[in-house]
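The sequence and coordinates come next.

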Amino acid sequence: SPTGPAPALPVLVMFDAHNHLDRCPDPADALAQARLTGVRGQVLAGVDVAGWRRQAAVARDAPDLWCAYGIHPWTAGSTSEEDHGALVEHLVRALDGALGVPPCALGELGLDEARRRGPAERKRQRALFRAQLALARERDLPVVLHVVRAHGAALGILRRDGLPAAGGVVHSASTPPDLVPSYLDLGLHLSFGPALTRHDKARAAAALVPQNRLLVETDAPDQAPAGESPPSSPSCLPRVVAALAEVHGVPAEVMADATAAAARRLYRLPAA
């Protein structure tokens, strides 16, 4: 005979290592829903000057939100070389706390050749990638790397120029499985998002990463899990955690704890 209601499933305690909450249709509602699903920390990643200001406005009074400020490769490639100095000056001021929310990392920075890029645009991307790496080394801030279809070039720069002692993470890792060891050898973490629910390549790459180097993210609102369409929100993180747990053959609670701990270590944040 029935003995009472079934016990409630445990709520996962998770950390969204990379999103753009400030660009969600309703950031306040998205934050509230994420907290209800068990997301206990989020890093809002930067792409340009206007975005840094939005991030800081959203995160300023939220103790579970942190910001990374950086110049996205799309921004770098579309900005003239004459304006690069001004962009870097804006970034330095943001890193110095001018926006009222000090950074936990520098990023997004990197290379992106998903669309056809001419030599001039590739040159601009690489110049600002190297300039930001130098800033991160100088300030010992972890870096948030955006690398799409440019892994050979990015790895070459990372090896030649060097990473900050604080390390970094390849966000929304699109890394071919055979290149995963190259990023791990540099001491980097790899972060996986909704692509894990859709693509075998992402799952194969994630299977090669030790749990202490794994992060999870939503990249909201830009990516969505299988069967859904953007805009997404950080409340889809349980599906990412479940997919990663399945890849590693562990309970979702174990993966949630491991990835949250790894994110807090990397970004040097307090325990939840």
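## Basis

The model is predicted: local features need pLDDT of at least 70, side-chain atom pairs count only at pLDDT 80 or more, and totals for chains, interfaces and linings use all residues. Residues are numbered from 1 along each chain as its sequence is written, and side-chain values use heavy atoms, with hydrogens and water left out.

## Nonpolar cores

A nonpolar core is a set of buried Ala, Val, Leu, Ile, Met, Phe, Trp, Tyr and Cys residues joined through side-chain atoms within 4.5 Å. Buried means under 20% relative accessible area, exposed over 50%, and partly exposed in between (1.4 Å probe, protein chains only).

The largest core has 68 residues, of which Tyr 69, Phe 129, Leu 145, Tyr 183, Leu 190 and Phe 192 touch the most other members. The element giving the most to this core is α9, with 6 residues. Another core, of 16 residues, lies apart from it and includes Phe 15, Trp 66, Cys 104 and Leu 215.

## Cysteines

With a disulfide taken as a pair of cysteine sulfur atoms within 2.5 Å, the count is 0. For Cys 24, the closest cysteine sulfur is that of Cys 236, at 9.3 Å, so the pair is too far apart for a bond. Cys 24 is buried at 5% relative accessibility, and Cys 236 is buried at 8%.

## Ala 224

Ala 224 is in the loop between β8 (214-216) and α9 (237-248); helices (H or I, at least four residues) and strands (E, at least two) are DSSP runs, numbered from the N terminus. Ala 224 is buried, with 5% relative accessible area.

Beyond neighbours within four places in sequence, Ala 224 is in contact (heavy atoms within 4.5 Å) with Pro 194, Arg 198, Ser 229, Pro 230 and Ser 232. Arg 198 is 26 residues from Ala 224 in sequence, and their C-alpha atoms are 9.6 Å apart.
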